[in-house]
Structures are given as C-alpha cells and as structure tokens.
Amino acid sequence: MKRLLHDAGRDWDRRAHRLAVLGATISAGSQYALIEQSPGSPDVHNLLAWGAMVRGAHSALSHSEVTDALQACHKAARLDPSDPSPWVARLGLLRQWRHPREEVFAVWKEIAARDRWHREAHLQMYGYLSPDECGSHAQALEFVDRVRTSTPITAPIVGLPLFSLVHRYLRTVAHGGVNALMADHFWSGQEADTVLRNAAAQWPQTGQLVHAEALRDLNLLAFSLVAARRAPLAAPVFRSLGGVVTEFPWNHAGQDPVTAFDSAQRKAGPV
C-alpha cells in the first residue's frame, strides 16, 4: 500500500484513484493498524479518510468513525499541505452528511487551489449540487457547463459532461412512466449530440486519455453511443477498451455488467 501511494508521487489524479481502490479493499481495522504503525505518514491518514468516505457512501458511519475520519483529514493535510487528497475526502464526507453550502464550498476552494481538475472532487460536487441531494437540476447543469467549456481535453475531469448525461438518462429510465418510454429521445438533444460527437472523435485515439480513470470514461462513451443508437461509432471505443468492463453504467437496472457490455458490443458490430 505504501509503495503504491509513494509511487504515485505528485500525480494527484493517480493518487486519488489508488486511494479509492485501497480504501475500498483494505479493511477499516487494517487502516487503523497502519496509523498506529506510521502515525507520521500522511498516506495512512489519507487511507483512513478515503476508506470512511467509501464506506459512508454505502452505509451510515458511526459517530466515532466520523470523528476519526475528520481527524485523519486534518492530520494528512497538516503533514502534506500541498496534497488535495485529504480535502477531497472531507468534501465527500460533508456531502454524505448534507452539510451547508458555505462549508462545502470552503473545502472546494481548498481543493481547487491544489488541483483545479481533480476528478473525484468534481464528481462529489456534481452529486452534492444535484436535485437528489442539496442542489437543483439547474445548479448541477451550470456546474457541468462550466467544466465543459473550460476543461482541456487531457484533464482527468473531461468525462464529467458525459457522466452527467448518463446519470440523467438512467435517472429518467429508473423513474418509469411516459418519460422512461421516451428516454431514447434524450440523446437527440443538442447537448447530448455535441458531447457524444466530440468524445467519439477524440477519446478512442491512442494516448488521448491518459488519466487513471480513462477506462471508466470509455465505458461511459460506449454505453452512451449504443443507447443513443449510434452503434457504429461505438466500435472503435469497444476496441480501445480491450474487453475491460466497469460496473457502472452497465449494471443499471440490476443487470450483470459483463452480459450488458457484451450485448452492447455485439450491437456495435465487429471490433
């Protein structure tokens, strides 16, 4: 664990990816044990904070877990002031507890000062600003639009506009009714058309997406192109994936991700 985080260096995007994976796979007990072994290491405090953030997204944390996670954020930030990771974990935890905007945006500013294009931070803010949580449809779209118009193509957060489209599409489908029956028309709007055309033209190119979660973005693009009935455009995307399947978005409606992926790949034609 220490080697993986050390090797990421100042690549905050790759560091965040490794913290997320390790936080989800290393038990809470082991995370506490690592702090006892190396209390002066910012990595172990970050790991505990990210582990709590991951666990809290699936089940409620106890009061002691919340306290320990916040203390871990504070200690990691003090030990390495340049690292956005503890601030991102704090943002994710504040989002889970539905804290006031003033407190959330203060943490957001700390992250932006350290890494303007932090992927996980943007996803957390998008969730916080969504109508399902503490914002509204308009606020979430305004946030995404700012990202879409200002983000370099190589930035780790380049996939946020597409993530937003998929999130809204699946939300419409899940609600059922007439809107769900007409959900396919969602992809014919100008916003969806622009995002899909640009991504399909650029992302599958070798070396275009270099961030740690590039395969997640490519899975989103493959899913979106098939859902939008643009299957032929999806073939190069499936080819660039090389069979790597991410759970989201293929697991929507309780589907087996691999089965859903294979079905969509067949619709796209020869890879």
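Trainee: Which helix gives the most to the lining of the second largest pocket?

Mentor: This is a predicted model. Two helices, α13 and α16 (257-268), each supply at least two lining residues there. The top contributor gives four residues, and that helix is α16.

Trainee: Which residues lie nearest the centre of the second largest pocket?

Mentor: The pocket has a volume of about 340 Å³. Its lining divides into eight nonpolar, three polar and three charged residues. Of the 14 lining residues, those nearest the centre are F223, V226, A227, A264 and K267.

Trainee: What volume does the largest pocket have?

Mentor: Its lining counts 34 residues, with R95, E120, L123, Q124 and F163 nearest the centre. Elements giving two or more residues include α2 (12-25), α6 (85-96), α8 (119-129) and α10 (160-175). The volume is about 1400 Å³.

Trainee: How many residues of that lining are charged?

Mentor: Take the classes in turn. The lining of the largest pocket has 14 nonpolar and ten polar residues. The charged ones number ten.

Trainee: What span does α6 reach from its first C-alpha to its last?

Mentor: α6 has twelve residues. At 1.5 Å a residue, 16 Å is expected. The model comes close to that, with 17 Å.

Trainee: Which elements cover the buried residues of α6?

Mentor: Start with what is buried: S85, P86, V88, A89, L91, G92, L93 and L94. Just after the helix, R98 takes a positive phi of about 55 degrees. The cover over the buried residues includes α2, α4, α5 (63-79), α7 (101-114) and α8.

Technical notes
Residues numbered from 1 in each chain as written. Predicted model: local features only at pLDDT ≥ 70, side-chain atom pairs only at ≥ 80, totals over all residues. Heavy atoms only, no water. 1 Å grid on protein atoms, 1.4 Å probe; cavity = no way out; pocket = protein on both sides within 12 Å on 5 of 7 lines; lining within 4 Å. Points joined across faces, edges and corners; volume = space filled by probe spheres on them. Nonpolar A, V, L, I, M, F, W, Y, C, P; charged D, E, K, R; others polar. Expected span 1.5 Å × (residues − 1). Buried < 20%, exposed > 50% of the residue type's maximum accessible area, 1.4 Å probe, protein only. Contact = heavy atoms within 4.5 Å.
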